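Please examine the following model with its sequence at hand. The paragraphs after it proceed from the chain as a whole to its individual elements and side chains.

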Amino acid sequence: MRGRKPKLKVIDGGLLQGRCPPAPAWLTAQAKAEWRRAAPEIHGRRLLTPDTLATLESYCIAAGMVRELEEVMGRDGRMIETEDGPKPHPAFKMQSAAMREARLLAAELGFMPHRRATKTKEESKTDEWADDLLA
């Protein structure tokens, strides 16, 4: 997705109340590990809603795939021998695509540092001097 990403907004009616939901059982071990790391952060920022669950699942799948493919290439090597000579491991291209997808989904979920640095309107109202100091 090109251009500036829209600011994430808290939707009071759709928030998942209470505890952070557990990782879906069908995720791989690597994807579950990423869920356990990422989901509490999103839930703590009050951004985890029923409509963001699918995006979070996709992000965890992509991040888990990056790690799984790294293990494969760590075991097999980054170059493989073929009839035509040495070639990059097929997992390398798959990992690159998974990294790209994970990065895009992370931006959608607000995991990028510039997302965490932006303030909401309520936070801006509490700090009256911030605009004067930065001007």
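Predicted model: local features only at pLDDT ≥ 70, side-chain atom pairs only at ≥ 80, totals over all residues.

Of the 135 residues in the chain, 29% are buried. Among the contacts with a separation of 6 or more, 62% are between residues 24 or more positions apart.

The secondary structure consists of six helices and two strands. Read from the N terminus, the order of the elements is α-α-β-β-α-α-α-α.

Helix 1 covers residues 29-44, which amounts to 16 residues. From its first C-alpha to its last, helix 1 reaches 23 Å, close to the 22 Å expected at 1.5 Å a residue. Just after helix 1, R46 adopts a positive phi of about 60°.

Which residues of helix 1 are buried? They are Q30, A31, E34, W35, A38, A39, I42 and H43. An α-helix has 3.6 residues a turn, so residues three or four places apart point the same way. The cover over the buried residues of helix 1 includes helix 2 (50-76) and helix 3 (90-109).

K32 also belongs to helix 1. Is K32 buried or partly exposed? K32 counts as partly exposed because its relative accessibility is 24%, whereas buried means under 20%. Beyond its neighbours within four places in sequence, K32 is in contact with A23, P24, A25 and L27. The C-alpha atom of K32 is separated by 7.8 Å from that of G64, although the two residues are 32 residues apart along the chain.

Strand 1 (residues 79-82) pairs with strand 2 (residues 85-88) in the antiparallel sense, over four bridges. A hairpin of two residues joins strand 1 to strand 2. Within this pairing, I80 stands opposite K87 in strand 2. In a regular strand the side chains alternate between the two faces of the sheet.

The charged side chains remain to be considered. How many salt bridges are counted? The count is six. In one of them, R78 and E70 bring their closest N and O atoms to 2.6 Å. R78 is partly exposed, because its relative accessible area is 41%; E70 is likewise partly exposed, at 32%. Apart from that pair, salt bridges with shared partners join E34, R37, E41, R45 and R67 into one network.

The side chain of E41 meets that of R37 in a salt bridge of 4.0 Å, N to O. E41 and R37 both lie in helix 1, four residues apart, about one turn of the helix. The side chain of E41 also meets that of R45 in a salt bridge, here at 3.4 Å, N to O. E41 counts as partly exposed because its relative accessibility is 25%. R37 counts as partly exposed at 42%, and R45 counts as partly exposed at 27%. E34, another member of the network, is among the buried residues of helix 1.

Methods: Residues numbered from 1 in each chain as written. Heavy atoms only, no water. Buried < 20%, exposed > 50% of the residue type's maximum accessible area, 1.4 Å probe, protein only. Contact = heavy atoms within 4.5 Å. Expected span 1.5 Å × (residues − 1). Pairing = 2+ DSSP bridges.
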